[in-house]
Amino acid sequence: MIEIKNVRKSFNNRPVLMGVDFVCRPGVVTALIGPNSCGKSTLLKCLLGLVIADQGRLAFDNFDISQGVEYREKLGYLPQIVDFPENLTVTEILELLESLRSKKAIKKDLLLGQLELGGLLNHAFGELSGGARQKLGAACALMFDPDYILLDEPTASLDPQTALAFREIISGQANRGKTVLLVSHNLSEVEQVAQEIVFLLEGKVQYFGSVKQFMNGSLNLESALVNFVTKRKGPL
Amino acid sequence: MKKFWVLLAYGLRDQVRSRWVLAYGLFYFVAGVLLLQFGTDYRRYLASMANVILLLSPAVSILYSTVHWYANGSFRHLILVQPVSRPVVFFSSWLSILVGLSGAFVIGALGGPVLLGSFDARIFSILIAGLALTTVFSLLGILWAVTIRDRMKGLAGALGTWLYLAILHDGLILGILMMLRDFPMERPAMALLALNLIDIARLFLLLQFDLTALMGYTGSVLQRMARPGVGAAVIVLGSLFWILIPAIIVNRRFQNRDF
């Protein structure tokens, strides 16, 4: 379980996160949604240790992240833009990441097959297309069979077929009891894979609960979101 | 510690394959060959190489490290979310840049004399000065990249730092010494000198060879003032200051930075 409790963060006295609370449960895909600059990326970076929260508790199965970096042994992260040194080959990148963990990359071969990366192992990262880079990022995020999976716009630069395959992989991970946090602007994707959503607006959680409950009879998640915001703040 | 060596090894693989690092080494090799082939004597070769190194090594080190640090930002984020501490990531990243540039410089600068059979132990003084400049200016480049988020502003800051330390500082000291020539200026001049690693490297080379006329504006003034004991103290203390202080500041900024 990922626990986020009363997390606050300001940049140059400008509050970005103002007491954010929610939990991500194992076996569930939790989607973090909200407009641009609402604090989604900052919150994700706080969980990853890239941004240091001013206040609050961020914990992975009761391990407070301020205690050390050990929790990252069980963490898989896929950023929006995957970037590695241009001159390293795919094999070298995978070996590098394997060398930094005590766990074996038990899912590596399976993922390389599923994501059709087998033929690119000796290619330098600089020679890969945008889609291939994203697939490599996905393989890096999942090859250690992590307990917590954090995804930032994971299918943004994937073709429809690969995006579909990747969504199936995400759902499969949750079905295997993994804790998945997905940050996405793609609401149809969220509707397809997430069971719970956190709607973040101006640094505060506006809704945290099940997707079904949030939709409450609406045609899709997008219209449900418009209805929700309209009720709260008046017409957009 | 194992993770540090792993990151350093992979960082070095990236550096070794970089065309910019290769071009840097090749430049010193070609410069060495040309200066030895067309120069009149070995002293003149040493003076010319010293001048090239005092100007070029700081420029390449600061600009390359700034650009490289910005360009690898996303990769560094991916490494920072692995179970690795921030000091390990910082020092391995910096050292891979430093070792890459230093390797290219040493191989390039030694290549010419070795190839032409003109090797002389005096070249080691030039190598030491070049390595010290590479160490400090690579740190200064990273300091800009860690401090300023905007890539263009960071690069402009790095370029401005090089311009000041390579050209303007020298002119400033000369102006002050000329204005106050009637006063005893040995100590103030040495203090001003220690504020610039390029001048410290120049002083170091000056004390190794008798190259006054060829060593920049302040060369002759420095030689008159720098008695061997004082000069050596300025070199040792100045170099330590210039290596330790930027390393401590950059490391601290890297530890507390939000990415």
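Predicted model: local features only at pLDDT ≥ 70, side-chain atom pairs only at ≥ 80, totals over all residues.
Strands here are DSSP runs of E with at least two residues, helices are runs of H or I with at least four, and both are numbered from the N terminus. Two strands count as paired if DSSP finds at least two bridges between them. In general, strands of a sheet pair through backbone hydrogen bonds, either parallel or antiparallel.

Residues are numbered from 1 along each chain as its sequence is written, chains are lettered from A and ligands numbered from 1 in the order in which they are written, and side-chain values use heavy atoms, leaving out hydrogens and water.

Now let's walk through that sheet. β1(A) and β2 (residues 14–24) of chain A run antiparallel and are joined by eight bridges; one bridge pairs S10(A) with P15(A). The two strands form a hairpin with two residues between them, and N12(A) in the turn has a positive phi of about 50°. With β4 (residues 55–60) of chain A, β1(A) pairs in the antiparallel sense over five bridges, and there I2(A) has F60(A) as its bridge partner. F60(A) turns up again as the partner of F63(A) in β5(A), where β4(A) and β5(A) pair over two bridges.

On to the other sheet. Six strands of chain A form an open sheet in the order β6-β7-β8-β3-β9-β10, and its pairing is mixed. Which strands stand at the edges? They are β6 and β10 (204–210) of chain A, each with a single partner strand, so one side of each is left without a neighbour in the sheet. β6(A) runs parallel to β7 (residues 148–152) of chain A, with four bridges between them, and Y77(A) stands opposite L150(A) in β7(A). Helix α4 (residues 130–142) of chain A packs on this sheet, touching β6 and β7 of chain A, and its direction makes about 170° with that of β6(A). That angle is between N-to-C directions, on a scale from 0 to 180 degrees, with axes fitted to C-alpha atoms, for helices over the stretch in contact.

Finally, where do the two chains meet? Chain A gives 28 residues to the contact and chain B gives 27, contact meaning heavy atoms within 4.5 Å. Between them the chains bury about 2600 Å², 60% of it on carbon and sulfur atoms. Buried area is the accessible area (1.4 Å probe) that two parts lose on being put together, summed over both. On the chain A side, L50(A), N87(A) and L100(A) lose the most area to chain B, together 26% of what that side buries.

How many salt bridges link chain A and chain B? There are three, each a side-chain nitrogen of Lys or Arg within 4 Å of a carboxyl oxygen of Asp or Glu. One of them joins R13(B) to E92(A), with the closest N and O atoms 3.0 Å apart.
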